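Please read the points beside the sequence and the model.

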Amino acid sequence: MLIEIDMHSSIPIYKQLKTAIVSGILSGELHEGDNLPSIRQLASDLGINLHTVRKVYEMLCDEGYIKIHRSKGAEICSPPKLNKEDLSVFEKLLLPIVIELRARDIGEERFAALMKDLWEKSIEGGNSHE
């Protein structure tokens with residue numbers, strides 16, 4: 001899987017990396033049981049700090065996307081199912097974005113079209129950063 005990090009993006013590197021890995025799982029590029037590169041190897045390949053990769057791997061582990069084994073490294077899991085608490089977290093993350101879009105006069109139809117476009121990009125493995 002090719003991971004691209006835009007060092008000039010306003011999106012933090014750790015968010016770009018996390019999104020790229022989750023996108024790889026969603027698109028089918030990464031399958032359950034596949035191993036991710038070691039923290040040190042991925043950091044070196046991407047030219048980023050190994051603590052950033054460690055942070056992303058820990059987040060992905062906490063969220064159920066990967067398991068970390070001492071002997072096998074980071075292994076892809078089947079995508080976790082959404083529960084009530086997760087949905088509440090996503091609502092809290094999305095609400096400020098919706099408010100900002102409404103404040104900028106984005107109508108409900110345009111918002112729905114935007115969500116549809118983003119949904120399609122996520123299926124394609126949309127690895128865009130801005």
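1. Angles under 35 degrees count as roughly parallel, over 145 as roughly antiparallel, 65 to 115 as roughly perpendicular, and the rest as oblique. Helices (H or I, at least four residues) and strands (E, at least two) are DSSP runs, numbered from the N terminus.

2. The model is predicted: local features need pLDDT of at least 70 and side-chain atom pairs pLDDT 80 or more, while totals for chains, interfaces and linings use all residues. Residues are numbered from 1 along each chain as its sequence is written, and side-chain values use heavy atoms, without hydrogens and water.

3. The axes of helix H1 (residues 13-27) and helix H3 (residues 50-62) come within 9 Å and cross at roughly 50°; H1 and H3 are therefore oblique to each other. Axes are lines fitted to C-alpha atoms, for helices over the stretch in contact, with angles from 0 to 180 degrees between N-to-C directions. Contact (heavy atoms within 4.5 Å) involves Ile13, Tyr14, Leu17, Lys18, Ile21 and Val22 of H1 and Thr52, Val53, Lys55, Val56, Tyr57, Met59 and Leu60 of H3.

4. H2 and H3 pack at about 125°, their axes 8 Å apart, and are therefore also oblique to each other. Ile39, Arg40, Leu42 and Ala43 of H2 meet Leu50, Val53, Arg54 and Tyr57 of H3 in this contact.

5. Leaving aside neighbours within four places in sequence, isoleucine 21 is in contact with Met1, Ile3, Leu30, Leu36, Val56, Tyr57 and Leu60.
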